[in-house]
Amino acid sequence: MRPILMKGHERPLTFLKYNRDGDLLFSCAKDHNPTVWFADNGERLGTYRGHNGAVWCCDVSKDSMRLITGSADQTAKLWNVQTGQQLFSFNFDSPARAVDLAVGDKLVVITTDPFMELPSAIHVKRIARDPEDQTGESVLVLKGPQGRINRAVWGPLNKTIISAGEDAVIRIWDSETGKLLKESGEDVGHKKTITSLTKSADGSHFLTGSLDKSAKLWDIRTLTLIKTYVTERPVNAVAMSPLLDHVVLGGGQDASSVTTTDHRAGKFEAKFFDKILQEEIGGVKGHFGPINALAFNPDGKSFSSGGEDGYVRLHHFDPDYFNIKI
C-alpha cells in the first residue's frame, strides 16, 4: 500500500468526503479553508475561501457541481465545486456542525451546536436548483438531544433522519413530521460521545464510532445492533469498505495529551476489522496525531485519512489486498 501525503491544511483535519464518481476528495479542517484534491494522485485542485471559523463537515452533490460546508462561524455555505464561488450562506445563531444532502440533492440536513442559551438543533433546508432562488428558510427544525449533535444523515428514501452526538444516543426521526421514531437503548448503545457515523454503500446499515473505544454496526430501519468492534483507544472516525467486509476505525487520545506521548505509543494508526467476525485484521500507520477523519473511495480501491497533524494521507491498496482470505 503506497501512501500519498497531502499537505494543504495548516490545522487539524476534521472531515473527508469523496464525490460519487470517486475522482475528487474534499477535505475540511480547522483552518477555515475546505480543499478539493484529485483522489488518484493527491494533487490539490483548489480551496473554497469564505469561512472564518473551523469547518467541521461537508457533502457534495451527486453531479459533483455543488459543495456544502458547515462551520464554527455559524454558517453552512453552498459552493460551486468547479469555480470555488460561494453560491449561498445559511446563517445560524450557533456553529453548524454536520451537513448531509438527501438523495436527489433537493434537501439538506444541518445540525447546529448548543451555544449561549440555545440548545442543539437539526435543521432541514431546501436546496434550490437555481442559486438565485435559494432561501435560508427551514422546512423543519428538530430539538431534543442534549449536547452537541456530531452527525446527522438521511435514512432510506429520505423518510428519516438519523442523529448522534454527545449524549451517546442514536435517534431516528421522521423527516416530515419531526417525530422521534426510535432511539438506541442504554443496554446496547454507546457509553460515551458518538463522534462519527457513516452509512454503508447500499444504505441498509450504518456504523458509529465513539469515545467509549468502540464502533457499532446498526440496521438503518430498525436500529437493531448488528456488530460491535472493540479497540483500545477512543474512536474519532469510522469508514466501511464498499467492496469487502472491512471496517476501518481511526482515533487516538485527546489532542491535549498528545504532546506528552511518543507517537508510537499514541496508537495513531487506522485499524482494519473484519465486518462479520469483528476481529482486528490489520493497521495502517503514518499519522503523528489522532486520526479525525476517514473515507473510502466509492470504488473501494483506496481510502484516505485525515489527522490532528494537518495531513491527509491517501492509501491505494495493492491488488493482492482484494484476494485476502480471512
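**Strands and salt bridges**

Me: Over how many bridges do β26 and strand β27 pair?
Reply: Strands are DSSP runs of E with at least two residues, numbered from the N terminus, and two of them pair if DSSP finds at least two bridges between them. β26 and β27 (residues 302–307) pair in the antiparallel sense, with A293 standing opposite G306 in β27. The number of bridges between β26 and β27 is 5.

Me: What kind of model is this?
Reply: Residues are numbered from 1 along each chain as its sequence is written, and side-chain values use heavy atoms, with hydrogens and water left out. Local features need pLDDT of at least 70, side-chain atom pairs count only at pLDDT 80 or more, and totals for chains, interfaces and linings use all residues; this is a predicted model.

Me: How many salt bridges does a search of the whole structure find?
Reply: Side chains of opposite charge can pair when their charged atoms come close. The test is a side-chain nitrogen of Lys or Arg within 4 Å of a carboxyl oxygen of Asp or Glu. Over the whole structure, the count is 8.

Me: How far apart in sequence are the parts that K17 and D59 tie together?
Reply: The two side chains meet in a salt bridge of 3.5 Å, N to O. K17 lies in strand β2 (residues 13–18) and D59 in strand β6 (residues 55–60), so the parts tied together are apart in sequence by 42 residues.

Me: Is D59 buried or exposed?
Reply: Buried means under 20% relative accessible area, exposed over 50%, and partly exposed in between (1.4 Å probe, protein chains only). K17 comes to 26% and is partly exposed. D59 has 4% relative accessibility, so D59 counts as buried.

Me: Which residues do salt bridges with shared partners join into one network?
Reply: R233 bridges to E232 at 3.4 Å, while K271 and E280 meet at 3.0 Å. Here K271 is buried at 9%, and E280 is partly exposed at 40%. Shared partners link the network's members: E232, R233, K271 and E280.

Technical notes:
Helix = DSSP H or I, 4+ residues; strand = E, 2+ residues; numbered from the N terminus.
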